[in-house]
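Here is a friendly walk through one model, going from single residues out to the whole chain. Keep the viewer open as you read.

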Amino acid sequence: MAWTKYQLFLAGLMLVTGSINTLSAKWADNFIAEGCGGTAEHSFQHPFLQAVGMFLGEFSCLAAFYLLQCRATGQSVSSVDPQQPFNPLLFLPPALCDMTGTSLMYVALNMTSASSFQMLRGAVIIFTGLFSVAFLGRRLVPSQWLGILATIAGLVVVGLADLLSKQDNQHKLSEVITGDLLIIMAQVIVAIQMVLEEKFVYKHNVHPLRAVGTEGLFGFVILSLLLVPMYYIPAGSFSGNPKGTLEDALDAFCQLGKQPLIALALLGNISSIAFFNFAGISVTKELSATTRMVLDSLRTVVIWALSLALGWETFHPLQILGFLILLTGTALYNGLHHPLLACLSRGWHPAPEAERERLLDGNRTPINETN
């Protein structure tokens with residue numbers, strides 16, 4: 001099925017803002033500034049504070065939802081569908097998953113390159129597929145299992161490229177390994193979040209802005225409160241602040257005062273995540289969670305290209321191979337090989353409409369449902 005203009009807009013919005021989100025977070029990590037009390041210059045490594053900013057961006061979607069609702073009051077045709085009653089606490093489990101997974105990924109982003117960070121996030125396909133079978137009762141076709149195996153192979157190649165990139169003077173080899181493992185661990189949590197979100201959105205028909213905003217509210221409040229004990233918890237080698245604790249929010253604000261460009265990077269991260277999460281959950285609602293994952297993998301190219309152009313990382317040929325294998329795994333998993341094989345079998349003549357349908361059609365196909 002052909003996508004509507006609105007669906008194309010959502011896809012483009014997710015691709016652009018998703019790329020800005022990762023690049024702005026990495027840009028903030030690259031800054032070096034003095035901390036509180038005249039401490040020596042050090043890198044801006046405050047992953048949990050950055051995660052709070054991310055949830056603030058999500059929380060802003062809730063304000064946008066109520067603004068739209070007020071504007072639609074009294075109009076015959078409302079842009080906000082009537083909302084059926086629901087318990088907001090139903091959003092707490094996916095919000096906790098989002099909080100934990102995002103915090104782990106921000107920690108990992110300090111330890112590895114932006115491109116590897118984005119490529120390794122492709123592991124979410126593996127765990128989403130397995131969890132959807134276990135908890136949603138889906139059945140994967142052989143091509144989807146093959147896609148999962150290809151994704152695993154791609155992750156191995158990308159990890160090998162990181163191990164061989166010893167010329168990277170920004171990260172030690174031990175940090176790169178730890179960061180890569182943290183990203184993989186985070187994808188297990190993100191996969192649980194994706195499955196919960198899809199099941200909840202389909203069942204309750206909650207407006208995407210309200211869904212994202214509610215999750216953002218929970219994440220912002222909980223993680224903001226956790227910043228207090230994090231200030232006293234020693235973190236050893238995982239700490240990136242002079243105090244040596246899990247998170248030092250005061251040091252972060254001192255660095256912001258010394259280097260205003262950090263504030264600009266954080267602002268870009270907050271604003272982009274607001275639009276990215278709205279676009280992401282809207283794609284899940286209007287198309288499918290599978291489409292959301294495909295678009296998420298496409299922004300890897302944008303992030304990789306810009307990271308190389310900005311000199312944030314060095315080129316390694318194995319990354320190309322790893323990305324192509326990951327892309328192949330994504331294509332197999334989502335059934336993108338069906339229209340290609342249909343065209344080849346007919347000498348590149350267009351296939352009938354029924355044969356061109358796939359998991360990315362516009363009928364809100366649930367995740368992993370066979371075509």
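Let's begin with alanine 51, which sits in helix α2 (residues 47-72); helices here are DSSP runs of H or I of at least four residues, strands are runs of E of at least two, and both are numbered from the N terminus. Before going further, note that this is a predicted model, in which local features need pLDDT of at least 70 and side-chain atom pairs count only at pLDDT 80 or more, while totals for chains, interfaces and linings use all residues. Residues are numbered from 1 along each chain as its sequence is written, and side-chain values use heavy atoms, with hydrogens and water left out.

Is alanine 51 buried or exposed? Alanine 51 counts as buried because its relative accessible area is 0%; buried means under 20% relative accessible area, exposed over 50%, and partly exposed in between, with a 1.4 Å probe and protein chains only. Leaving aside residues up to four places away in sequence, alanine 51 touches Thr102, Ser103, Tyr106 and Leu223, where a contact means heavy atoms within 4.5 Å. Aspartate 98 is 47 residues away from alanine 51 along the chain, and their C-alpha atoms are separated by 9.7 Å.

Leucine 223 has its own list of partners: beyond four places in sequence, it touches Phe48, Ala51, Val52, Phe55, Met99, Ser103 and Met230. Together with Ile262, Leu223 has the most contacts inside the largest nonpolar core, a set of 67 residues. Such a core is a set of buried Ala, Val, Leu, Ile, Met, Phe, Trp, Tyr and Cys residues joined through side-chain atoms within 4.5 Å. Helix α10 (residues 260-286) gives the most to this core, with nine residues. Apart from it lies another core of six residues, including Ala95, Val206, Ala211 and Phe218.

Leucine 226, in helix α8 (residues 208-230), is partly exposed because its relative accessible area is 33%.

**Charged residues**

How many salt bridges does the structure hold? The structure holds one, taking a salt bridge as a side-chain nitrogen of Lys or Arg within 4 Å of a carboxyl oxygen of Asp or Glu. The side chains of lysine 258 and glutamate 34 form it, at 3.9 Å from N to O. Lysine 258 belongs to helix α9 (residues 249-258) and glutamate 34 to the loop between β1 (32-33) and β2 (42-43), so the pair ties together parts that are 224 residues apart in sequence. Lysine 258 is exposed, with a relative accessible area of 53%, whereas glutamate 34 is partly exposed at 32%.

| Buried residue | Nearest opposite charge | Distance |
|---|---|---|
| Aspartate 162 | Lysine 26 | 10 Å |
| Lysine 26 | Aspartate 29 | 5.0 Å |

Aspartate 162 is found in helix α6 (residues 142-164). Its side chain makes a polar contact of 2.7 Å with the side chain of serine 116; a polar contact is a pair of N or O atoms within 3.5 Å, where within protein one must be able to donate a hydrogen and the other to accept it, and residues adjacent in sequence count only if both atoms are side-chain atoms. Among the residues that aspartate 162 touches beyond four places in sequence are Thr112, Leu173, Asp180 and Gln319.

Lysine 26 is located in helix α1 (residues 5-29). A polar atom of the lysine 26 side chain lies 2.8 Å from the backbone oxygen of leucine 109.

**The whole chain**

The protein has 14 helices and two strands, and 53% of its 371 residues count as buried. Residues 24 or more positions apart account for 81% of the contacts with a separation of 6 or more.

An unreviewed UniProt entry carries the annotation "transmembrane region" for several spans, among them 145-164 and 176-196; the positions follow the numbering used here, feature names are shortened, and annotations may be inferred rather than shown by experiment. Residues 145-164 are 100% helix, with end C-alpha atoms 29 Å apart. Residues 176-196 are also 100% helix, and their end C-alpha atoms lie 31 Å apart.

Definitions and conventions: Lys, Arg positive; Asp, Glu negative; His and termini not counted.
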